[in-house]
Amino acid sequence: MRYRELYNGVKIPMLGFGVYQIPKYEDAKQAVLAALKTGYRLIDTAQGYMNEEAVGVAIKESGIPREEIFITTKLWIQDFSYDGAIKAANLSMERLGIEYIDLLLLHQPMGDYINAWKGLEKLYKDGKLKAIGMANCYPHVLVDLCETFEIKPMINQVEMHPFFQQQLNIDTMKEYDVVPEAWAPFNEGLHDFFNNPILTEIGKKYGKSAAQVALRWNIQRGVVVIPKTVHVDRMKQNIDVFDFTLSDEDMAQIKLLDIGHSEIVNHFDPQWIKSLHTWRC
Ligand SMILES: NC(=O)c1ccc[n+]([C@@H]2O[C@H](COP(=O)([O-])OP(=O)(O)OC[C@H]3O[C@@H](n4cnc5c(N)ncnc54)[C@H](OP(=O)(O)O)[C@@H]3O)[C@@H](O)[C@H]2O)c1
């Protein structure tokens with residue numbers, strides 16, 4: 001496994017395992033156990049995924065020392081206040097059965113995220129959180145909060161894949177020493193992702209699938225990836241991306257796939273924002 005160093009010295013695996021949309025306890029537990037057995041050492045969950053307990057039990061049952069596993073979780077908007085964030089972070093630790101969280105993210109830059117961030121800063125200073133970050137920040141939002149917060153985010157987790165490349169966001173993160181992390185590195189399968197002719201053709205040269213090419217492309221851009229699957233053969237496939245290198249020509253071809261917007265969520269749709277505010281977990 002390759003690692004990337006955050007600006008505070010914490011090392012994050014370049015490839016992890018996402019557990020969104022595995023809400024059933026046993027399914028989530030088995031998926032995480034299988035992922036750990038396959039070699040994944042970063043698990044990405046969230047209070048909103050309703051599976052922190054299952055993740056925690058799988059980690060314990062795996063027998064792998066706690067310090068070898070990088071655990072990310074996220075807080076939802078409902079808890080965005082100073083006290084609310086501290087309480088929610090403690091609840092996550094309780095559900096996960098752990099004494100500290102490797103990376104805690106605020107799931108959306110919405111609501112009172114300024115005071116929630118102050119709560120995270122307090123827990124970070126106390127050593128309960130090894131790293132803190134944001135999710136879903138577009139570049140203008142990221143600049144604003146980096147100029148506002150006492151402690152800058154170490155990570156910005158955003159949607160990033162060949163159809164939505166977010167190069168300006170990556171450039172902005174670089175300016176502030178924030179590490180980019182890609183959610184939905186496969187566009188959740190949309191746009192006939194796994195049969196894309198360009199990704200498939202490039203993959204043929206290296207004996208790799210479209211999925212592996214997409215992960216490798218992000219990793220070569222310095223982006224941490226957290227693909228999700230409940231299938232063991234795909235877990236093995238998705239982690240097997242460290243034995244080939246895409247050429248400059250491959251990278252240039254993939255660049256042409258960018259459509260410049262998300263097909264999964266629309267953060268510019270007022271009704272979508274309203275629905276995120278009313279959702280509870
Ligand atoms: N911060 C945020 O707001 C946010 C939002 C969304 C996601 N995330 C995080 O990012 C992680 C990944 O994103 P995601 O789960 O939304 O989508 P994704 O990883 O882009 O795609 C997952 C889909 O791809 C399929 N798949 C996985 N590997 C495959 C392969 N090698 N070949 C063919 N199909 C494959 C999976 O099916 P099977 O499971 O059936 O194999 C699943 O349907 C999440 O699990 C979560 O941890 C964060």
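1. Let's start with a pair of residues: the bridge partner of E159 is W183, which sits in β9. Strands β8 (residues 155-159) and β9 (residues 179-183) run parallel and are joined by 5 bridges. Strands here are DSSP E runs of at least two residues, and helices are H or I runs of at least four, numbered from the N terminus. Two strands count as paired if DSSP finds at least two bridges between them.

2. This is a predicted model, where local features need pLDDT of at least 70 and side-chain atom pairs pLDDT 80 or more, while totals for chains, interfaces and linings use all residues. Residue numbers run from 1 along each chain as its sequence is written.

3. Now zoom out to the sheet. It is open, with 8 strands paired in parallel in the order β3-β4-β5-β6-β7-β8-β9-β10. At the edges, β3 (17-18) and β10 (224-225) each pair on one side only.

4. Finally, look at two helices. The axes of α1 (residues 25-38) and α2 (residues 52-62) come within 8 Å and cross at roughly 40° (axes are lines fitted to C-alpha atoms over the stretch in contact, with angles from 0 to 180 degrees between N-to-C directions).
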